[in-house]
Amino acid sequence: MAKATNIPIDVKWLQITATNADWKKIGKSECIKMLTHLHIIRAFEETLSGLNNNGLIHGPLHLSIGHDGAVVGAMSELGTDDLVNGSHRGHHVFLAKALNHVHEKNLESSTGEFSPAVRDTVYRTMAEIMGLQPGYSGGRGGSMHLRWKEAGVIGTNAIVGGGVPTAAGAAWSQQRDGKGKVVLTAFGDGSCHIGNVLETFNLAALYDLPLCFYIENNGYAVSTTVAEQARETRMSARGIGFGIPSFKVDGMDPISVRMAMQQVNELLRNGQGPAVLEVDVYRFYHHSGGVKGSAFGYREKEEEREWIARDPLRFMEAKMINLGWLNQDECDAIGTAAAELTADAAEKLTVTHNGTRAIREELWPDPSTCDDSLRSNLEELEHLNYVEQENFIGELAPTKFITSIAKNMVRRFDTDERLFVLGEDVHKLIGGTNGATKGIPERWPDRCVPTPIAEHGFVGLAGGVAVTGKYRPVVELMYPDFGLVAADQLFNQIAKARHMFGGTIKMPLVLRTKVAIGTGYGSQHSMDPAGLFSMWPGWRIVAPSNPFDYVGLMNSALLCEDPVLVIESVELYNKVMPAAVDNDDYFIALGSAKVVREGAKFTVLTYLNMVGRALDVCEEHGIDAEIIDLRSLDRAGLDWETIGASIEKTNHVIVLEQGCVTNSYGGLVVEEIQKRYFDHLDHPVRRIHGGEASPVVSKPLERAAFVGAEEILNGFEQALADQG
């Protein structure tokens, strides 16, 4: 029989329980503050539940009663400059952090006299959850998307586990600041089985991030028990496999949570992070609303009674009475004051007519602002002087496209210390897999971050860095198809953040990727991402067709406060074209198209490598077409002034793209042309595009799937035939 030896585990995994000495060390004043916060959060949610019963809460209401004591304990160890985010069940996380923020200068005693700052916090939080203008995000976020930058809350999140990679990015920023500040991300046991959470565990451990994974194990993911989700039901066990120190604590004991958080803090602030803190709590009510879970048959009433008997609020009161710090009347007074505080906020937000309670009409957001804050208004670029190749003052010389990409990125790193690049293999292979990062890892190894194969995790991390606003990530996505792996972070998180949080957030992030159609990499490496990304109005998209334009557009993208997708083409990388020799400090406007060939018969709208292909076909066959390089592809960035002038001249349009029709970009452009220029069109808008299927590996089948010179010529000849 083979010899078996136990493998030692060299990482902490501890159960933490507070003693009487811990209570006394924390002291009466601090414990009263914690109890006060707990009463406010409890009263707040009870008030919300009543409003919900009156139909005054739109959408789901995920109450945190039962989770609230633990989070008060954890947040009591964090300062304003420490950052937190949370999940869809996030009222308690938000309020506990916010109350600590306003209490730094407005500490109340047990008398229940709350400061204006505390009252305003409760009022604005309630307004946000009710979808009203006085809320922190103008009512846009509601119950599940709570954010208050000044209090250090970077945003709660409706996607289970969706905010965890964001927190890693915030922790990356905190680490780089070097000020000893930390980040806490709160999520439930249900999140522990989601890929992006586990990817983030690995990234946080790999980079030693000051990040606390605060796991609320309440035993249920809606109605599915933990035992039905996993063999290992102790969620802190997840940390051990990634080499992360992990702590487990009874979440119904707020002081035990605080003591555990002290140990977590010591690790994180000393550069020994991350850490996992699992708190065992109980959700007193169903997943959503104010009805108990037993009403739905998945929990026993006896189980609920046993847990409710361990209410953290009553536990704290009993302990403080036992220590002689408060009597029952004083505890009751705090509770009464908290109830009056939250009731007062509700009164200010509602009005009662004939016994019926309703929202105050003047507090609703103006419907005309529905689309506000989808993106920046580009005021951050207003100071730039834009230049085109034909009026560029400086030397131009034939240069490989990929050489210009790398040379310009080195220049940008020289001039902007906020920039860093991350992605797979960006630090080796003489500048990544294609040479785009050449020169960066040698000079700035700390700003060239190689990642494991974890697109969901590292794209989300980049988004979290962008949220903090101190550093600007340049993410390299090796192939655009891999963006589908990271779709939640790209589209639910990064694309929606500015609008969802009412314009209180910026998202300065550049995502580079390449179209590899025709290289034999098959269906899962050959995507043109323009059509997919154009569906999300938070993204700006540029697709340069030559190195001069690439440098100018990239320079603008790196100063933009929106996420910008920069699409490159493998076909263009080794092409030699005119590029600036000694001056890469110029800009081309986002949202500007360019007429690259004048003509009279029809207008061709295209981008990327198809610009050169269209030019070649026209020159070789003497076709009198006007060709426009769109350059900016997002809906907001389409240059209708340039496009419209050409359409009004030719009265005939072709939209040309290389990839397959099923996820193509051209449909968006055609629809807009029909709406805007129908009266100027003598013929239906034509499209030239690839087949229905993605390209496959077999060379003849791959070639049949995408557009080349033959398809372009055929399409142009059909357009000429339209005109007789």
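How many residues line the largest cavity, and which of them lie nearest its centre? I took that as my opening entry, bearing in mind that this is a predicted model.

**Entry 1: cavities**

I searched the whole structure and found seven cavities of 30 Å³ or more. I looked up the largest cavity, and its volume came out at about 140 Å³. I counted 18 lining residues there, with Asn-157, Thr-166, Val-467, Gln-493 and Phe-501 nearest the centre. Strand S3 (153–156), helix H16 (455–468), helix H17 (487–494) and helix H18 (497–500) are the elements that give two or more residues to this lining. H16 has the largest share, with four residues. I sorted the lining by class and got 11 polar, seven nonpolar and no charged residues.

Next I turned to the second largest cavity, which has a volume of about 70 Å³. Its lining has 14 residues, and I noted Asn-434, Glu-476, Arg-512, Lys-514 and Tyr-573 as those nearest the centre. Here strand S15 (472–477) and strand S16 (509–515) each supply at least two lining residues. S16 gives the most, three residues. By class I noted six polar, four nonpolar and four charged residues in this lining.

Is Leu-511 buried or exposed? I found a relative accessible area of 1%, and because buried means under 20%, Leu-511 counts as buried. Leaving out residues up to four places away in sequence, I listed its contacts: Val-475, Leu-477, Leu-490, Phe-533, Trp-539, Val-564, Leu-565 and Val-566. I also checked Leu-511 against Leu-35: the two are 476 residues apart in sequence and 46 Å apart in space, C-alpha to C-alpha.

**Entry 2: pockets**

On to the open spaces. The largest pocket has a volume of about 380 Å³. I found 18 residues in its lining, and Ser-545, Met-577, Val-611, Gly-612 and Leu-615 lie nearest the centre. Helix H21 (570–573), strand S19 (576–580), S20 and helix H22 (609–621) each bring at least two residues to this pocket, and H22 gives the most, with six. The class count reads seven nonpolar, six charged and five polar residues.

For the second largest pocket I noted about 310 Å³ of space. I counted 17 lining residues, of which Asp-81, Leu-83, Lys-149, Gln-174 and Lys-470 lie nearest its centre. Helix H6 (164–177) and H16 each supply at least two residues, and H6 has the largest share, four residues. By class, this lining has eight charged, five polar and four nonpolar residues.

**Entry 3: a five-stranded sheet**

In what order do the five strands of the open sheet run? I read S20-S22-S21-S23-S24, with mixed pairing. Strand S20 (594–597) and strand S24 (686–688) are the edge strands, each pairing on one side only. On average, neighbouring strands of this sheet are turned by 30° against each other, direction ignored. S20 and strand S22 (residues 625–629) run antiparallel and are joined by three bridges. I found Arg-597 opposite Ile-627 in S22. Helix H24 (residues 666–677) lies across strand S21 (602–606), strand S23 (653–656) and S24. I noted the angle of H24 to S23 as about 160°.

Note on methods: Residues numbered from 1 in each chain as written. Predicted model: local features only at pLDDT ≥ 70, side-chain atom pairs only at ≥ 80, totals over all residues. Heavy atoms only, no water. 1 Å grid on protein atoms, 1.4 Å probe; cavity = no way out; pocket = protein on both sides within 12 Å on 5 of 7 lines; lining within 4 Å. Points joined across faces, edges and corners; volume = space filled by probe spheres on them. Nonpolar A, V, L, I, M, F, W, Y, C, P; charged D, E, K, R; others polar. Pairing = 2+ DSSP bridges. Axes fitted to C-alpha atoms, helices over the stretch in contact; angles between N-to-C directions. Contact = heavy atoms within 4.5 Å. Buried < 20%, exposed > 50% of the residue type's maximum accessible area, 1.4 Å probe, protein only.
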